Amino acid sequence: MNKIAVPPIKCQGIKTKLVPWIKAIIPDDFTGKWIEPFSGSGVVAYNVRPQKALLCDTNPHLIKFYNSVKSGRITSEIARNFLKTEGENLKTEGQDYYYEVRERFNKNKDPLDFLFLNRSCFNGMIRFNKKGGFNVPFCRKPQRFRQAYITKIVNQVSYVETLLKYHDFEFRCQDFELTVTNASDEDIIYCDPPYIGRHADYYNSWDEDHELRLNEFLGKSDSRFILSTWHSNDYRENKYLNTIWGRFNILTKEHFYHVGGFEKNRNPMLEALVTNFKAAYIEKAENKSEQLTLFEKAAEPNAI
């Protein structure tokens, strides 16, 4: 059974459980660069493991975090020591310390503080106010950073750290239009934009104008592309699949959607992949989401 690497940064709508589906439709003749205009957590690229990748996002804190891992500013051991110290402070001082770190991050933008907040905020959300300040409340778990939890995060950092040593990954904070425009016919563009008509909690807003522009730029691109979006749920359908995306190929798969403050708001949803190439998917046994430790990667040299 193939293991799915889970990244250290959590994001709303993370595609961990959809990674096998996405990987299964990548054309066999793909040899170019893997490009993501909306990289988010990076979970898809970190599991596809292309030799070359360009991961972009308009959220500068995501890009700064992964550039810090790439440069060695953040290592697994640095993350371990930081989370151990900050976790003890959180355990002692409770939610007051969480809000102290949040205020510190909004002032200094330190990527380690971003990691701490991301893993101790409510529901693992990434949300900012109009002034660019991180504003997600505390998860109300002062003992959040127990040893096992710290080890889990450290192993996730270790996986990315090792991957970036052997693969050519570039991280940029830029708009999707620039990212798509510069792609070549050898590249594959994987797009996971905020789902139109569903979410407003992103670093920047997403509306019909953005969806139309993305459709226009992908339609003009010489690259092959894969677009993640939602198809329907029990209450409504994504109208854009029948209009602007209707001329492309569309695959669907049911997925339980985990974003929502209350469990009653977390409902099954039919996910869709839109492509400009012929793609087919044969259902296989579901892969288990696990984190890969450095020991496992050393034992499996072809994993990276």
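The model is predicted, with local features needing pLDDT of at least 70 and side-chain atom pairs counting only at pLDDT 80 or more, while totals for chains, interfaces and linings use all residues. Residues are numbered from 1 along each chain as its sequence is written, and side-chain values use heavy atoms, with hydrogens and water left out.

Me: Why is α4 called oblique to α6?
Reply: Helix α4 (residues 76-93) and helix α6 (residues 111-118) pack at about 55°, with axes 11 Å apart. That makes α4 oblique to α6. Angles under 35 degrees count as roughly parallel, over 145 as roughly antiparallel, 65 to 115 as roughly perpendicular and the rest as oblique. Axes are lines fitted to C-alpha atoms, for helices over the stretch in contact, and angles run from 0 to 180 degrees between N-to-C directions. Helices are DSSP runs (H or I, at least four residues) numbered from the N terminus.

Me: Which residues make the contact of α4 with α6?
Reply: From α4 come Ile78, Ala79, Phe82, Leu83, Glu86, Gly87 and Leu90, and from α6 Leu112, Asp113, Leu115 and Phe116. Contact means heavy atoms within 4.5 Å. By class there are eight nonpolar, one polar and two charged residues. Ala, Val, Leu, Ile, Met, Phe, Trp, Tyr, Cys and Pro count as nonpolar, Asp, Glu, Lys and Arg as charged, and the others, Gly among them, as polar.

Me: What makes α4 oblique to α5?
Reply: The axes of α4 and helix α5 (residues 95-108) cross at roughly 130° and come within 6 Å. This angle makes α4 oblique to α5.

Me: Why are α3 and α6 called roughly perpendicular?
Reply: Their axes cross at roughly 115° and come within 9 Å. The two helices, α3 and α6, are therefore roughly perpendicular to each other. In the contact, His61, Leu62, Lys64, Phe65 and Ser68 of α3 meet Pro111, Phe114 and Leu115 of α6.

Me: How many cavities of 30 Å³ or more does a search of the whole structure find?
Reply: The search finds one. On a 1 Å grid over the protein atoms alone, a cavity is a set of points where a 1.4 Å probe fits but cannot get out, and lining residues have an atom within 4 Å of a point. The largest cavity has a volume of about 40 Å³, a volume being the space filled by probe spheres set on the points, which are joined across faces, edges and corners.

Me: Which helix gives the most to the lining of the largest cavity?
Reply: Helix α3 (residues 60-71) does, with three residues. The lining includes Leu62, Ile63 and Tyr66, and divides into six nonpolar, four polar and no charged residues.

Terms used: 1 Å grid on protein atoms, 1.4 Å probe; cavity = no way out; pocket = protein on both sides within 12 Å on 5 of 7 lines; lining within 4 Å.
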